Amino acid sequence: MAVITGGTRGIGLATATLFANEGAYVFVTGRHQKELDEAVASIGKNVTGVQGDVANPDDLDRLYERVKARGGIDILFANVGLGGFVPLGSITEDYYDKMFDTNVKGLLFTVQKALPLLNNGASIILTGSAAAAKGTPGFGVYAASKAAIRSFVRTWTVELKDRHIRSNVLSPGPVSTPQTAIQPPEAIARIVASVPMGRMAEPEEIAKAALFLASDESSFITGIELFADGGRAQV
Ligand SMILES: NC(=O)c1ccc[n+]([C@@H]2O[C@H](COP(=O)([O-])OP(=O)(O)OC[C@H]3O[C@@H](n4cnc5c(N)ncnc54)[C@H](OP(=O)(O)O)[C@@H]3O)[C@@H](O)[C@H]2O)c1
């Protein structure tokens, strides 16, 4: 069984669809009920949607109550993350809190609250970003939040080893998703221009990397950051 936070569009929806097609039972989450219902309908089978905000610990408790009623978790894909471009000098406390509450606190408690339900041998996948390894104008708070995720995984790899739970970061470069579509086009164009492959990824390309980290194909891989970034942070 798999739990995918932020599974109603973009990378999360593509991954939930792939996992369900591969035979996994998938729980998907998102804050908006209508989008959640549409995602569940589009995935079509082997799926339950649970509405909730990962930054709200009570919502996470509600999610895991529903999951527990069905069984243990083999794959946890903590995928929710907000992006935004605000340069140093213009960063507000509200902006910082929103980014870190969702991307860092939300992700941390998504994993911690899942611990009692994770089966031995489970795979935890966290969505990072190639942006954390680069200096991109306006992306400082976002990149720092994703760098925190990369650090979490180093610690969790050793803390969870006795349960044979692997944890890894999956770091995309720019991906064609609704989140990218609402960012300033010139900022996205600058990033795409820095990708050696010269294009954005499709969400399905990131989903295939998530499937690799979720499956036994990656049985000796833990604590890594797997970049699916068209080379952006590699050269
Ligand atoms: N797109 C890119 O270029 C790119 C590149 C590198 C890394 N990433 C990372 O990849 C992940 C997914 O990005 P995406 O582009 O697929 O995003 P997206 O298209 O905006 O989808 C985000 C998903 O997360 C849900 N969500 C957002 N905030 C939430 C919250 N607080 N609680 C629960 N669900 C929430 C959304 O549904 P609701 O709005 O209904 O809650 C939606 O299902 C993020 O961590 C992002 O930082 C993206």
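Me: Which backbone does an oxygen atom of the ligand sit 2.8 Å from?
Reply: In this predicted model, an oxygen atom of the ligand lies 2.8 Å from a polar backbone atom of Asn79. A polar contact here is a pair of N or O atoms within 3.5 Å; within protein, one must be able to donate a hydrogen and the other to accept it, and residues adjacent in sequence count only if both atoms are side-chain atoms.

Me: What about a nitrogen atom of the ligand?
Reply: A nitrogen atom of the ligand is 2.9 Å from a polar backbone atom of Val54.

Me: Which side chain has an N or O atom 2.8 Å from an oxygen atom of the ligand?
Reply: That side chain belongs to Tyr142.

Me: Which residues around the ligand come nearest?
Reply: Thr8, Arg31, His32, Val175 and Thr177 come nearest, out of 29 residues around the ligand (each with a heavy atom within 4 Å of it).

Me: Changing topic, how do helix 1 and helix 8 meet?
Reply: The axes of helix 1 (residues 10-21) and helix 8 (residues 203-214) come within 8 Å and cross at roughly 55°. The two helices are therefore oblique to each other. Residues making the contact include Ala14 and Leu18 of helix 1 and Ala207 and Leu211 of helix 8.

Me: And where does helix 2 come in?
Reply: The axes of helix 1 and helix 2 (residues 33-43) come within 10 Å and cross at roughly 35°. Leu13, Ala16, Thr17 and Ala20 of helix 1 meet Ala39, Ser42 and Ile43 of helix 2.

Me: What conventions apply to numbering and confidence?
Reply: Residues are numbered from 1 along each chain as its sequence is written, and side-chain values use heavy atoms, leaving out hydrogens and water. Local features need pLDDT of at least 70 and side-chain atom pairs count only at pLDDT 80 or more, whereas totals for chains, interfaces and linings use all residues.

Definitions and conventions: Axes fitted to C-alpha atoms, helices over the stretch in contact; angles between N-to-C directions. Helix = DSSP H or I, 4+ residues; strand = E, 2+ residues; numbered from the N terminus. Parallel < 35°, antiparallel > 145°, perpendicular 65-115°, else oblique. Contact = heavy atoms within 4.5 Å.
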